[in-house]
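These are my notebook entries on a structure that I am reading for the first time. I record what I looked up, entry by entry.

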Amino acid sequence: MEAKKIRSTFIEFFQSKQHHYVPSSPIVVKNDPTLMFTNAGMNQFKDAFLGNEVAKYSRVANSQKCLRVSGKHNDLEEVGVDTYHHTMFEMLGNWSFGDYFKKEAIAWAWELLTEVYQLPKDRLYVSVFEGDQGDNLGLDQEAFDFWKEIVPEDRIIMGSKKDNFWEMGDTGPCGPCSEIHIDLRPDAERATIAGKDLVNNDHEQVIEIWNLVFMQFNRLADGSLKELPAKHVDTGMGFERLVRAIQQKSSNYDTDLFAPFLAALEKKSGKVYGKDEQTDIAFRVIVDHIRAIAFTIADGQLPSNNKAGYVIRRILRRAVRYGYTFLGFHEPFLYELTSLISENFGEIFPEVKQQQEFISKVIYEEEASFLRTLDNGLKILDQIKAELKEKNEHVIPGKTAFELYDTFGFPLDLTSLIARENGLSLDEKGFNEEMEKQKSRSRAASESETGDWVLVHEDSGVEFVGYDFLETYSYITKYRVV
Ligand code: ATP
Ligand code: MG
Ligand code: MG
Ligand code: MG
């Protein structure tokens, strides 16, 4: 089954159970100071769960664009190194706002996976919340009993508060969850160790696919739990992981979601995917990152020097560096992949198709500007590596990392990544000290500014747009807040 069909089947399945389809909300969050990017399907329904808003429909399903590169969920370091964590991914979800609860959520999840998608039952494991003494909660008996009706007891795993109790924040709606995991190992390997023992163990082939959250409590400010008057269901399934399981691949990147991108990169670089681990990581990082970059720009977040814009710039520079070092791209190359984004995702996410040309231009400019300094920065890093080797030292000084940041545009995590690749570490504290020093230097400078020149620093969220010629024969520099 093709990825597109897998996605539409999910939506149609829940529509047949009276769910209303709602489009994905933007990946960039503009109106919530606690969140920079959408990191789960439930984000757009937060107010309904908090009781600030009455849900328009009591049953909803969708495919939500998510980005997990900052805050509570930050998977960036895993991406490309493993084969199932992405920066940007789609989360398929179904919701009940005070409507159905555990019984239906469990029965439908199982029906969809095993009857509609026909995933083999003997590869699936489910988990239930085992309880927590601190919260005075016992086993989620209800969920356990519903699962017991459909799966043998030895496929039900007891899960701790960490994996099986979901909370929105320090206070607010929360509740136990049941996760569904799949063991994709070849039969011979499965015969040696039970899949059950590998669940939640960072095993490449035994992975979590779906999380069913049952919101039944409200956490009060004093830490106690109160039963909610209306109970809700919030589920999230990683689309790329589901596609991999259905298409029987050993990596998300081997599915038809990523294949066209890998093929394009192979063609352009002359290198082959699947031959060398370090080159493969570069391939995976690039085809992952281009999605995050393109989708975020499509939702209105341009790369910049602060906040969400800087997160995107960092991801983009990371991809450019991987391409430069491991695939030999010394000219902009990422921007060319935007046509594939449009072709492959334009139907479900029209924003990437409608703005393809714009997205491509923004990426091209960013790449070109970073490539102008990348080569020099990498040369400096080579020198540092040689010097450290000579002295038998293993830490890149904070001052050097700061110079690379300030002069060559190397985000700290890029320098740190290159350090790790070379068996070195990085003095982050020293870097932060240098950063502070520079900030106070510029504060001091701006405080002494008077007259007609308006000096605004790049990191204060403004962008230079031009000069105005005033009658008084002085120039005023114009900035626009971005
Ligand atoms: P994991 O334990 O694998 O990191 P999670 O428990 O953090 O996943 P949830 O917050 O429960 O994930 O999100 C719901 C579903 O979204 C997961 O079951 C998984 O299928 C998918 N998912 C989570 N993080 C990612 C990611 N970085 N890339 C792709 N899919 C993901
Ligand atoms: Mg996670
Ligand atoms: Mg998990
Ligand atoms: Mg989970």
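This is a predicted model: local features need pLDDT of at least 70, side-chain atom pairs count only at pLDDT 80 or more; totals for chains, interfaces and linings use all residues.

Thr296 lies in helix α9, residues 277-298. I listed its contacts, leaving aside neighbours within four places in sequence, and found Ile27, Val28, Leu67, Gln301 and Ile312. I also checked Thr296 against Lys437: they are 141 residues apart along the chain, and their C-alpha atoms are separated by 32 Å.

Beyond four places in sequence, I found His289 in contact with Thr87, Ile315, Arg318 and Ala319.

I looked up the secondary structure and recorded 16 helices and 15 strands. Along its principal axes, the C-alpha trace spans about 80 × 55 × 45 Å. For 482 residues a compact globule would have a radius of gyration near 23 Å, and the 25 Å of the chain agrees with this. Of the 482 residues, 40% count as buried. I noted further that, among contacts with a separation of 6 or more, 67% join residues 24 or more positions apart.

The buried residues of α4 (residues 141-150) are Ala143, Phe146 and Trp147. Seen down the helix axis, these buried residues fall within an arc of 100°, so they line one face of α4. On the other side of α4, I found Gln141 and Glu149 exposed. I then asked what covers the buried residues of α4. The cover includes α3 (102-116), β6 (124-129), β7 (156-159), β9 (172-183) and β10.

I turned to β6, where 6 of the 6 residues are buried, so the strand is largely enclosed by the rest of the structure. In a regular strand the side chains alternate between the two faces of the sheet. In β6 both faces are covered, with Leu124, Val126 and Val128 buried on one side and Tyr125, Ser127 and Phe129 buried on the other. I looked up the pairing next. β6 pairs with β9 in the antiparallel sense over 3 bridges, and Val126 stands opposite Ile180 in β9. β6 pairs with β7 in the parallel sense over 4 bridges, and there the bridge partner of Val126 is Ile156.

I asked which residues come nearest to ligand 1. Of the 16 residues around ligand 1, these are Asp75, Phe89, Asn211, Gly236 and Gly238. The elements that give two or more residues to this shell are β5 (88-97), β10 (206-219), β11 (225-238) and α7 (239-246). The largest share, 4 residues, comes from β10. By class, I recorded 6 nonpolar, 5 polar and 5 charged residues in the shell.

Conventions
Residues are numbered from 1 along each chain as its sequence is written. Chains are lettered from A and ligands numbered from 1 in the order in which they are written. A residue is near a molecule or strand if its C-beta atom, placed from the backbone, lies within 6 Å of it. Ala, Val, Leu, Ile, Met, Phe, Trp, Tyr, Cys and Pro count as nonpolar, Asp, Glu, Lys and Arg as charged, and the others, Gly among them, as polar. The radius of gyration is taken over C-alpha atoms; the globule rule is 2.2 Å times the number of residues to the power 0.38. A residue is buried if 20 or more other C-beta atoms lie within 10 Å of its own, exposed if 12 or fewer, and partly exposed in between; C-beta atoms are placed from the backbone. Two residues are in contact if their C-beta atoms, placed from the backbone, lie within 7 Å. The arc is that of the directions from the helix axis to the C-beta atoms. Two strands pair if DSSP finds at least two bridges between them.
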